[in-house]
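Keep the model open as you read.

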Amino acid sequence: MIKTLTAFTDEVDDIEYAIDQIKEQIDFDQDLYNNSVGLVSCLPAYVESGVLKAVCDLVPFDVIGITTIGTTVPGIEDLTPLTLTVLTSDDVTFQTAWTEPIITEDADIIKDSFDKTASGNSEQPKLIIANAPLLLSVGGDFFNNAINEAGGGVPCFGALAVDDKTDYHTSQVIYNGDAASNRLAYIFVYGNVTPHFHLATISHEKISKDKGVVTKSKGVQLIDVNDKPVSEFLIGQGLKFNSDGIFEGINSFPYIVDFNDGAAPVMRVMFAVTQDGYAVCGGSIPEGATLSVGYFDRDEIIKSTDDAVKRIDLDSDSHGVLIYSCIGRYFNMDYGPDEEAEKVRLSMESRNIPFQFTYGGGELCPIPTTDGSGKLVNRYHNCTLVACVL
C-alpha cells in the first residue's frame, strides 16, 4: 500500500520561510514509511530563486518533477505554488534516475538509462512515472515509444514540462533539485501497487462524423489526407485562411486520431501550417490513421473533467491521485483558466483524497484496447487530462 502526502509553499524568494512551510505540512521524521519518493511541480521562478533546490535538499528521498504554468494540491486554491507529493510505503519500492541529455530522437539514451537503473533487480516495475522535456527537435511520441520499448510495455504515466513563458524556453525537468531542459526523469515503482488510469478527452457529440485517412505524413508533419493536401481537408472542416494566408484558430480544434491498432483513439492538436502546406501536429500521426475533427471550448473541457472526476470518485481504493492536464486545456478556459483545477481540487478535498494537479505540455498515459480484454497500451496525448489513481 502507498500512503500519499502533499505539501506546498507559495514563497518564491525567502528560502528559509519556504522550508518552514513544507516542514509544517509533513513531518519527515514521523510521517514516512521505509520507502519514499517525491514528485515536485513549480513555476520556473522557484528554480531560479533556489527554493526548489532547498526543498529537494530538505527531503530524505529522491525527487523528480517538471516546471509548469500551474499546479495545486489540497489546502491551496492558487495555481502558483511549488507543490510536493510524497509516495511512501513499506511494501512498495522506488528507483529513480534521469537520462543523459536528449538532443535527437535517440532511443538508446533512454534504454541505456533504464537498463542501468534496473540492473540487479529481477522484478519488473508495476508502473513507470516519467517527466519529459519539451523539445523542438524531439516529439512526445518519441518519449512514449522509447519508454514503452525500454520498459517492456510497463504502464507509463507522466507529462512533458512547460512554463509560464510564451515560447516555453525555461521549461525544465527536475531531478533532486537540479533542473535541465533536455533530460527525462523517471521513477520505477515496484511491489504492492495496482495503478488505475482515467482520461478526460472530448465527448462523442463534439466530434465530426466526417473522417479522413492519413495518406502521407512525416513524423509530426501531416502532409496528405485522402490523397489530397491537408489544407483541403482543413478547409473542408470549416477552417479559413486570414488575410495573411494563415489558418485562423488552427490550434483550437483538436483532432481525434484512430491508429487502427485496436486501441482507443487519442487527441492531437495542430500548431501551424508550414510554407509547404504541411500541418505541424502535437504528436506523430502515422499514415493509415483515421482523423476526425473535434470542437473544444470551456464547456466541453469542464464537462470532460467532471466526467473524469466522477470516475476517479468511484475508485474507492484510492490512496492518492496524480493528475496532469494539458496546457492547451488551460488556454481554452477563456476568462477562468483556474476552473478545471478548482473542480478537481474541490472533488478530491471533499473525499479527503491527497492529490497533485499539474499542467503539462503533453501527457503520457496508458489507454485500454477496444476488445474488452483490459489490456493497456501506452500512448502520448494532447489536450487531455490524465489521472493515475494509486
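This is a predicted model: local features need pLDDT of at least 70, side-chain atom pairs count only at pLDDT 80 or more; totals for chains, interfaces and linings use all residues.

Residues are numbered from 1 along each chain as its sequence is written, and side-chain values use heavy atoms, with hydrogens and water left out.

Start with the sheet of six strands. It is open, its order is E1-E5-E2-E3-E9-E10, and its pairing is mixed. Strand E1 (3-9) and strand E10 (178-180) are the edge strands, each pairing on one side only. From one strand to the next, the twist averages 20°. Strands (E, at least two residues) and helices (H or I, at least four residues) are DSSP runs, numbered from the N terminus. Two strands pair if DSSP finds at least two bridges between them. Strands of a sheet pair through backbone hydrogen bonds, either parallel or antiparallel.

Now look inside this sheet. Seven bridges join strand E2 (residues 35-42) to strand E5 (residues 82-89) in the antiparallel sense. In this pairing Gly38 faces Val86 of E5. Two helices pack on the sheet. Helix H1 (residues 15-25) touches E1 and E5, and its direction makes about 150° with that of E1. Helix H3 (residues 51-58) touches E1, E2, strand E3 (63-67), E5, strand E9 (173-175) and E10. The direction of H3 makes about 15° with that of E5. Contact here means heavy atoms within 4.5 Å. Axes are lines fitted to C-alpha atoms, for helices over the stretch in contact, and angles run from 0 to 180 degrees between N-to-C directions.

Is strand E3 enclosed or open to the outside? Five of its five residues are buried, so E3 is largely enclosed by the rest of the structure. Buried means under 20% relative accessible area, exposed over 50%, and partly exposed in between (1.4 Å probe, protein chains only). Val63, Gly65 and Thr67 lie on one side of E3, with Ile64 and Ile66 on the other, and all are buried. E3 pairs with E2 in the parallel sense over five bridges. There Leu39 stands opposite Ile64. E3 and E9 run antiparallel and are joined by three bridges. Gly65 stands opposite Ile174 in E9.

Move to the sheet of five strands. This open sheet has the order E4-E22-E21-E25-E12 and mixed pairing. Its edges are strand E4 (71-72) and strand E12 (196-200), each pairing on one side only. E12 pairs with strand E25 (residues 385-389) in the antiparallel sense, over five bridges. Ala200 stands opposite Leu385 in that pairing. Helix H7 (residues 298-313) lies across E12, strand E21 (321-326) and E25, at about 165° to E12. Helix H9 (residues 339-350) lies across E4, E21, strand E22 (355-360) and E25, at about 165° to E22.

Thr72 counts as buried, at 2% relative accessibility. Leaving aside neighbours within four places in sequence, its contacts include Asp78, Ala341, Arg345 and Phe357. A polar atom of the Thr72 side chain lies 3.0 Å from the backbone oxygen of Ile76. Thr72 and Cys42 are 30 residues apart in sequence and 9.4 Å apart in space, C-alpha to C-alpha.

Next come the rings. The structure holds 12 aromatic pairs. Rings of Phe, Tyr and Trp (its six-membered ring) pair if their centres lie within 6.5 Å; planes under 30 degrees apart count as stacked, over 60 as edge-to-face and the rest as tilted. Phe142 and Phe143 have ring centres 5.3 Å apart and planes at 65°, so this pair is edge-to-face. Phe142 is buried at 9% relative accessible area, and Phe143 is buried at 0%. Elsewhere, ring pairs link Phe114, Tyr186, Phe188 and Tyr190 into a cluster.

Finally, consider charge. The charged end of Lys3 sits over the ring of Tyr33, 4.7 Å from its centre. Arg379 lies over the face of Phe259, at 4.5 Å from the ring centre. The criterion is NZ of Lys or CZ of Arg within 6 Å of the ring centre and within 35 degrees of the ring normal.

Notes. A polar contact is a pair of N or O atoms within 3.5 Å; within protein, one must be able to donate a hydrogen and the other to accept it, and residues adjacent in sequence count only if both atoms are side-chain atoms.
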